[in-house]
Amino acid sequence: MTLTKISLVLLLSLLFVYFETVKSQNCSCAPNLCCSQFGYCGTTADYCGSTCRSGPCRGGGPPTGAGLVGSIVTQSFFNNIINQAGNNCAGKRFYSRDSFINATNTFPSFANSVTRREIATMFAHFTHETGHFCYIEEINGASHDFCQMSNTQYPCVPGKSYHGRGPVFLSWNFNYGPCGQSLGLDLLRQPELVGSNHYKKTG
């Protein structure tokens, strides 16, 4: 099934939440090494080519894919948003620019076709929903009913809450269900995964 760009944006935002930052991907490379789009150090074209993030990059031509997204969503761009959240915000230890870039690597067709305007729209939405990446879950969300009982395709699981979670505050069982299917996760049974820092496949 072909995913629409809207679906990719939603899936990308969910993956943004799930990717854990791995210490080996911090790109604390020696000065003579390039940091690749995936966060590893090296000297070949895979590291220093057009998707190089830092170091003695030598790629030619305009960046594409994650390199294009990374050239728009720079660390400075991301920091300008998240630094507006208070230091006591849970999201400051949860959301990261590297997680977003890693998520774009999962959807190369998205990364190669997304525009600056679409990225700006995504981050405007993320910023609005999360209070500059302060919140991981909707305030008092669990106290509201986000279960559409008439939806039999994605039935609610008793005792589970489908309130807003993650950078787009994914809500309602009819959204958790298809997103989970696309990601290979049972988000109807484990909706809390959207607000966790672990990417786990179930089933």
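**Helices, disulfides and rings in a predicted model**

Trainee: Which residue follows H8, and what is its phi?
Mentor: This is a predicted model: local features need pLDDT of at least 70, side-chain atom pairs count only at pLDDT 80 or more, and totals for chains, interfaces and linings use all residues. Residues are numbered from 1 along each chain as its sequence is written, and side-chain values use heavy atoms, with hydrogens and water left out. After H8 comes Gly 184, with a positive phi near 75°.

Trainee: How many helices and strands are there in the protein chain?
Mentor: Helices (H or I, at least four residues) and strands (E, at least two) are DSSP runs, numbered from the N terminus. Along the sequence the pattern reads α-β-β-α-α-α-α-α-α-α. The count is eight helices and two strands.

Trainee: What share of the residues in the protein chain is buried?
Mentor: Buried means under 20% relative accessible area, exposed over 50%, and partly exposed in between, with a 1.4 Å probe and protein chains only. The chain has 203 residues. The buried share is 44%.

Trainee: Among contacts between residues at least 6 apart in sequence, what share joins residues at least 24 apart?
Mentor: A contact means heavy atoms within 4.5 Å. Of the contacts between residues at least 6 apart in the protein chain, those joining residues at least 24 apart make up 60%.

Trainee: How many disulfides are there?
Mentor: A disulfide is a covalent bond between the sulfur atoms of two cysteines. Here the rule is a pair of cysteine sulfur atoms within 2.5 Å. By this rule there are two.

Trainee: Where do Cys 89 and Cys 134 lie, and how many residues apart are they?
Mentor: Their sulfur atoms are 2.0 Å apart, forming a disulfide. Cys 89 sits in the loop between helix H4 (75–82) and helix H5 (97–106), and Cys 134 in the loop between helix H7 (116–130) and helix H8 (173–183). The pair links distant parts of the chain, 45 residues apart.

Trainee: Is the disulfide of Cys 89 and Cys 134 left-handed or right-handed?
Mentor: Cys 89 is buried at 7% relative accessible area, and Cys 134 is buried at 10%. The torsion about their S-S bond is about -80°, so this disulfide is left-handed.

Trainee: Is the link of Cys 147 and Cys 156 left-handed or right-handed?
Mentor: The S to S distance of Cys 147 and Cys 156 is 1.9 Å. Cys 147 is buried, at 15% relative accessibility. With 120° about the S-S bond, the link of Cys 147 and Cys 156 is right-handed.

Trainee: Which residues is Glu 129 in contact with, leaving aside its neighbours within four places in sequence?
Mentor: UniProt, in an unreviewed entry, lists Glu 129 for "active site"; UniProt positions follow the numbering used here, feature names are shortened, and annotations may be inferred rather than shown by experiment. Glu 129 is in helix H7. At 25% relative accessibility, Glu 129 is partly exposed. Apart from neighbours within four places, Glu 129 is in contact with Pro 167, Val 168 and Phe 169.

Trainee: Is Arg 97 buried or exposed?
Mentor: Arg 97 is in helix H5. Leaving out residues up to four places away in sequence, Arg 97 touches Arg 53, Gly 70, Val 73, Thr 74, Gln 75 and Phe 78. At 8% relative accessibility, Arg 97 is buried.

Trainee: Is Thr 152 buried or exposed?
Mentor: Thr 152 lies in the loop between H7 and H8. Thr 152 and Phe 174 are 22 residues apart in sequence, and 9.2 Å apart from C-alpha to C-alpha. At 69% relative accessibility, Thr 152 is exposed.

Trainee: How many aromatic pairs does the structure hold?
Mentor: Rings of Phe, Tyr and Trp (its six-membered ring) pair if their centres lie within 6.5 Å. Planes under 30 degrees apart count as stacked, over 60 as edge-to-face, and the rest as tilted. The number of pairs is twelve.

Trainee: Why is the pair of Phe 123 and Phe 126 edge-to-face?
Mentor: Both residues lie in helix H7, three residues apart, about one turn of the helix. Phe 123 is buried at 2% relative accessible area, and Phe 126 at 1%. Their ring centres are 5.1 Å apart, and the pair is edge-to-face because the planes are at 70°.
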